[in-house]
Amino acid sequence: MQTRQTRTAYLLIAPALLLFIGFTAYPFIWSAQISFTSWDGLNAVKKFVGFQNYIQLFQDAEFRQSISVTTIYTVSVTLISTILGFAIALMLQRRKRSSAIYRTIFFSPVVTAPVAAAVVWQLLFDPYVGIIDIGLRALHLPAPNWLSDTRWALPAVIIVGIWKRLGFAVIVYAAGMSSLPVSCFEAADLDGVSGWQKIRYMTIPLMRPVTTLVLITGFIDAIQVFDHIFLLTSGGPIGSTNVMSLFLYNQGFRLFRLGYASAIGWTLFTVILGLTVLQWQIRRRGES
Amino acid sequence: MKRTQRSLASILSLAVLATVSLGTGSAIAANKVVKPVTIQFWNYWDGGNGKALSALISEFNKKNPGITVKPVTFPWGDLLPKLQTAIASGTTPALAATDIAWMANMNQSGKLVDLGAALGGIKKATGDIYPSLLTYGLYKGKLQSLPASTNNLSLFYNKDLFRKAGLNPNKPPKTWAEMRAAAIAISNLGNGIQGMEIYVQPGEGLTWQFQPYLWQSGAGFLNKTNTAPTFNSAAGRSALQFLVDLINVDRAATAGQWGAFDKGQAGMRIDGSWMVGGYRENAPFEFGTAMLPIPEGGVRATNMGGEQIMAFKGKAASQAAAVKFIRWFTSAPIQARWDVATNFMPISDTVANSTVILKHVASEPALKAFIDQQKYAQARPAIASYPAVSDAFSKALEPAFYGRVGVAEALANADAAVRKALKSN
């Protein structure tokens with residue numbers, strides 16, 4: 001009986017398992033193997049080079065620049081979208097009647113195709129016809145050439161990153177807040193606790209698991225950013241928006257250095273894994 | 001008599017039977033040959049070029065009942081990764097057309113069909129195709145691809161802005177000094193209008209746009225054996241200084257994203273003949289073209305672009321169909337029609353002198369500059385490390401356009417980076 005059940009269980013997980021092996025596990029191991037070669041993706045011969053790709057990577061100034069760009073991007077997008085998401089969810093909680101419409105509006109960037117969104121943002125940032133610069137000029141403020149200026153390109157792609165991420169944070173926080181015990185807040189009202197105190201001493205601590213979720217998923221999402229930066233700036237100008245995944249793509253698919261690109265991929269994976277474990281540890285310590 | 005008649009009848013009947021059976025046999029054999037084969041043709045020709053290709057392909061399919069060629073179009077940046085994946089996984093298409101800049105790498109894949117052998121010898125396969133174009137297809141004595149199109153860079157200018165700036169719209173600049181003066185006059189119109197649009201984004205785009213300035217000033221890019229850079233010279237520095245000054249001294253150009261000329265926000269830019277059709281249809285201004293201006297005492301030079309068509313090793317029937325298509329597509333009459341539809345440049349004298357082409361050029365004056373200039377087009381180094389070399393070169397030059405480093409320093413950095421990249425593959 002049990003063997004039959006076990007067999008059925010294996011049969012049921014087989015399709016997912018096969019897909020996982022074929023499209024995740026196998027390429028994963030294969031890329032590790034490739035990272036020790038100087039393979040160009042086309043040549044019939046894959047020359048073994050040992051740790052040379054990894055050694056070269058840590059001496060590569062472009063890689064170091066991409067780490068700092070990725071760090072600034074990831075921290076800014078994750079923190080700002082989380083704080084804004086929390087604030088907006090709080091506001092929506094007070095406007096219960098119209099909150100469904102607002103939630104839909106805030107969530108729409110999450111489900112918008114990245115390419116379509118990037119094209120729209122490119123127009124918005126355009127120095128000649130873009131609404132942002134037209135607005136800034138109308139207010140007699142300096143109107144930067146967003147995507148072409150080394151000082152403004154990274155803030156521009158961070159703005160787009162926050163715009164894309166915000167909806168998720170709002171929805172998750174809104175769902176979390178709707179499940180908070182109403183009686184506690186009513187009791188606090190009776191005790192004359194102010195609105196700010198309720199947020200500071202009740203909502204924020206009660207929302208801590210949600211905050212952890214939003215931060216961790218936001219962090220993993222942001223550190224892997226590729227599409228809108230590829231479309232808006234291609235990593236420029238002068239590498240000011242050259243994030244790690246873009247650096248990887250360029251090395252692998254524009255410069256034919258698949259071995260080197262695989263080494264970048266594995267380094268990126270190790271960094272994400274390490275930081276995620278660290279986040280979980282901090283969270284666990286916080287809980288205990 | 002009767003006997004003779006009978007034996008004659010039996011001989012005849014045997015003959016008829018034999019004929020019938022032989023006929024059936026050959027019909028069966030013929031059926032085997034024309035067993036329908038469908039092959040994919042990967043390319044990156046989109047828009048009008050894609051439509052022109054589809055029209056030609058359906059014509060080929062109609063003429064060759066057993067063969068169906070299916071065009072599959074990818075964005076330019078996606079085609080190479082797709083081909084790399086296909087080569088690695090053994091799922092290549094039967095046919096592909098790729099950028100000439102990728103050919104050195106494609107040649108090493110070991111997956112390309114020897115077209116010389118398949119088309120009855122290299123001489124027969126290539127005819128009078130320009131030898132400079134053939135360098136991309138030859139690898140270790142074998143012909144692995146044929147030119148599918150070629151093009152070059154010339155000067156595009158906005159006649160409306162020329163008029164507004166008080167310049168003669170029918171007298172485009174011929175020298176760097178005239179180009180600089182025109183750029184300054186146009187940028188003085190204000191409202192963010194650039195006199196000249198310069199490509200400064202790193203990558204092959206920057207390299208291929210800058211190489212003509214190098215060659216015109218007498219500098220080279222790599223040495224004859226493609227083993228060392230030759231751009232870090234007084235001539236090379238003068239070329240870079242000219243563009244950097246346009247941006248940072250004359251303020252007649254902006255270091256930034258590409259696209260101002262298309263919107264009517266820049267007076268001039270250098271670009272390829274494939275833009276002619278699009279501008280004729282959509283440009284919100286009147287445009288003209290001219291041969292690239294050259295420096296005082298300089299030489300005429302432009303960059304050569306284009307695509308190579310190739311067949312991948314596979315099943316005999318698919319391979320044969322692919323070779324048949326290549327033979328047809330690279331034939332002079334088809335190439336002439338392809339060039340008319342796309343505004344690409346002819347790949348041989350036969351194509352260039354065909355009535356179809358001569359008529360087309362007469363009807364589209366903007367093409368004249370490109371045709372006149374094709375003979376000055378120089379090929380980029382056909383070496384496997386070229387993508388890495390070009391990337392290193394462009395990244396070292398980019399900060400100079402933004403005024404972050406001096407011209408001499410940028411070229412010295414480029415020299416070191418290119419030497420390193422040459423050793424990378």
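Predicted model: local features only at pLDDT ≥ 70, side-chain atom pairs only at ≥ 80, totals over all residues.
**Stop 1: the contact between the chains**

Select chain A and chain B together. Chain A puts 19 residues into the contact, and chain B puts in 26 residues. Now keep the side of chain A that touches chain B and colour it by residue class: 10 residues are nonpolar, 7 polar and 2 charged.

**Stop 2: the domains of chain A**

**Stop 3: a helix pair in chain A**

Within chain A, select helix α3 (residues 61-94) and helix α7 (residues 153-178). What describes two packed helices? The angle between their axes and the distance between the axes. For α3 and α7 of chain A the angle is about 40 degrees, and the axes are 6 Å apart. An angle of 35 to 65 degrees falls between roughly parallel and roughly perpendicular, so α3(A) and α7(A) are oblique to each other. The crossing of α3(A) and α7(A) is right-handed. Show the side chains where α3(A) meets α7(A): the contact has 20 nonpolar, 6 polar and 1 charged residues.

**Stop 4: the domains of chain B**

Switch to chain B. Each of its domains is assigned as two segments: 37-150 and 306-374 for domain 1, 152-304 and 379-422 for domain 2. The centres of domain 1 of chain B and domain 2 of chain B, taken over C-alpha atoms, are separated by 29 Å. Where the two domains of chain B meet, 24 residues of domain 1 are in contact with 20 residues of domain 2.

Stay on the domain 1 side of that contact. Helices α2 (47-63), α4 (103-107) and α17 (368-373) of chain B each supply at least two of its residues. Which helix gives the largest share? It is α17(B), with 4 residues. By class, this side of domain 1 of chain B has 10 nonpolar, 12 polar and 2 charged residues.

**Stop 5: two loop residues in chain B**

Most residues other than glycine have a negative phi. Select B:K140, in the loop between β4 (138-139) and β5 (142-143) of chain B. The phi of B:K140 is positive, near 50 degrees. B:K140 counts as exposed because it has 7 C-beta neighbours inside 10 Å.

Finish at B:N191, in the loop between α9 (176-187) and β7 (194-196) of chain B. B:N191 is not a glycine, yet its phi is positive, about 55 degrees. Is B:N191 buried or exposed? With 6 C-beta neighbours inside 10 Å, B:N191 counts as exposed.

Terms used:
Residues numbered from 1 in each chain as written. Chains lettered and ligands numbered in written order. Contact = placed C-beta atoms within 7 Å. Nonpolar A, V, L, I, M, F, W, Y, C, P; charged D, E, K, R; others polar. Domains from an automatic or database assignment. Axes fitted to C-alpha atoms, helices over the stretch in contact; angles between N-to-C directions. Parallel < 35°, antiparallel > 145°, perpendicular 65-115°, else oblique. Left-handed = near helix turned anticlockwise from the far one by under 90°. Buried ≥ 20, exposed ≤ 12 C-beta atoms within 10 Å, placed from the backbone.
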